[in-house]
Amino acid sequence: MSIRNRMTGAAVAALAALGLVLGTAPTGVAAPRGTDGLPFAGSTGVGVHNAYEKAKYPYLADALDSGAAMLEIDVWTNFFGSSWRVAHDNPFGNDNNCENAGDPAQLRTKSRNQNLAGCLSDIRSWHDAHPGHRPVVLKLELKDGFAANLGRGPAELDALLNSKLGDALYRPAQLAAGHPDLDAAARAGAWPSRAGMAGKFLVELIPGTLEEGNSADKLWTDREYAQHLRSLAATGRLGQAAAFPAVHRAEAGDPRARYADTTLRPWFVVFDGDASAYAAGPLDTGWYARNNYLLIATSAHDVAPAIDGVRPTETQARDRVALLAGRHATIVSADWYPLPTVLVTILPRGEGVSP
């Protein structure tokens, strides 16, 4: 990697002096100084992969306190259980750090291994205790997809998210206001500033690993929820929608071309793929920034030269965030939970270190 691809300690110090990097222990509330005026789609933050795992954070409240810009949660919907279950590789039950806190006083006091409703209750309780907190992307990977026949379809997910998070959500209808669809709104620059997103959660949905590997599943999460958005908009009910579907996996050009039904394409403004593909060069990642689309770059540690996936040095992690900010990522995702001062990093999108 050339010197142009790396951010030196001096560069980090300079950014900190400008208020673009917060170098103190995070509280989970305040954004780095000087970043509030950035458009939400014009900034780069750091996310934590599978933040519900107890080995990373004893409680989900700890993950929320970390200052991370994105927290990922895995969800199972199949007939092996009766609810939206949260676990990594257990389709039968819950294995997570969620405790179903009913109010802020209950955070870190109750039994863990709760379902998605319990995780959302924790998030709401934390939100109530931290008014005006940084905007947070909640990335839900539906491991085996929706199961509408079991009462776990897009409408039911909306109902659950609305009942638990309510006004703490940033909704598709808020972005689309005054525009025919999400694409038109994003290209018109309708995203609020980071300050305007304070106290909000944006829910991103991606297809799950089991779903994508299931040849019998012909309706993945992304397309099913986009169809749901289109139907709600056509009947004047877009305000009920609580989440944004993401186009999963990196591709050259406009990845929405994979959807044969062209009327679905305008309902995707979030894109989620492997950081190595975005950093490699051939993909025009500037296209995402020019259109104000959100770009989630995962497995940031694997970008060549690879660094430790959990405990790189802070300089290595900051260099990697800066590199991917230069490649127009909105969220740089990894398992860097031991590095809280890296997790709170916010950079202007596109102004990191370009290849």
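# Pockets, a cavity and charged side chains

Q: Which elements each supply at least two residues of the lining of the largest pocket?
A: This is a predicted model, in which local features need pLDDT of at least 70, side-chain atom pairs count only at pLDDT 80 or more, and totals for chains, interfaces and linings use all residues. Residues are numbered from 1 along each chain as its sequence is written, while side-chain values use heavy atoms, with hydrogens and water left out. On a 1 Å grid over the protein atoms alone, a pocket is an open set of points with protein on both sides within 12 Å along at least five of seven lines, and lining residues have an atom within 4 Å of a point. With helices (H or I, at least four residues) and strands (E, at least two) taken as DSSP runs numbered from the N terminus, the elements that each supply at least two lining residues are E4, E5, helix H7 (209-212), E7 and strand E9 (331-334).

Q: What is the volume of the largest pocket?
A: Its lining comprises 21 residues, of which Lys139, Ile206, His248, Thr298 and Ser299 lie nearest the centre, and the largest share, three residues, comes from E7. A volume is the space filled by probe spheres set on the grid points, which are joined across faces, edges and corners. For the largest pocket, this volume is about 310 Å³.

Q: How many charged residues are in the lining of the largest cavity?
A: A cavity is a set of grid points where a 1.4 Å probe fits but cannot get out, and the largest one holds about 50 Å³ of space. Phe40, Pro135 and Arg194 are among the residues that line the largest cavity, and strand E1 (residues 43-48) gives the most to this lining, with three residues. Ala, Val, Leu, Ile, Met, Phe, Trp, Tyr, Cys and Pro count as nonpolar, Asp, Glu, Lys and Arg as charged, and the others, Gly among them, as polar. By class, the lining has five nonpolar and four polar residues, and the number of charged residues is one.

Q: Which residues are linked with Asp183 in a network of salt bridges?
A: A salt bridge is a side-chain nitrogen of Lys or Arg within 4 Å of a carboxyl oxygen of Asp or Glu, and Asp183 meets Arg187 in one at 2.7 Å, the two being separated by about one helical turn because they are four residues apart in helix H6 (residues 182-187). Asp183 also pairs with Arg256 at 2.9 Å, a link between distant parts of the chain, 73 residues apart. Arg256 in turn meets Asp254 at 3.0 Å, so that the residues in the network with Asp183 are Arg187, Asp254 and Arg256.

Q: Which backbone oxygen does the side chain of Arg134 reach?
A: Arg134 lies in the loop between helix H3 (116-129) and strand E4 (136-142). Arg134 is buried yet has no salt bridge, and the nearest side chain of opposite charge, Asp65, is 6.5 Å away. At 2.7 Å, however, the side chain of Arg134 reaches the backbone oxygen of Ala68.

Conventions. Buried means under 20% relative accessible area, exposed over 50%, partly exposed in between (1.4 Å probe, protein chains only). Lys and Arg count as positive and Asp and Glu as negative; His and the chain ends are not counted. A polar contact is a pair of N or O atoms within 3.5 Å; within protein, one must be able to donate a hydrogen and the other to accept it, and residues adjacent in sequence count only if both atoms are side-chain atoms.
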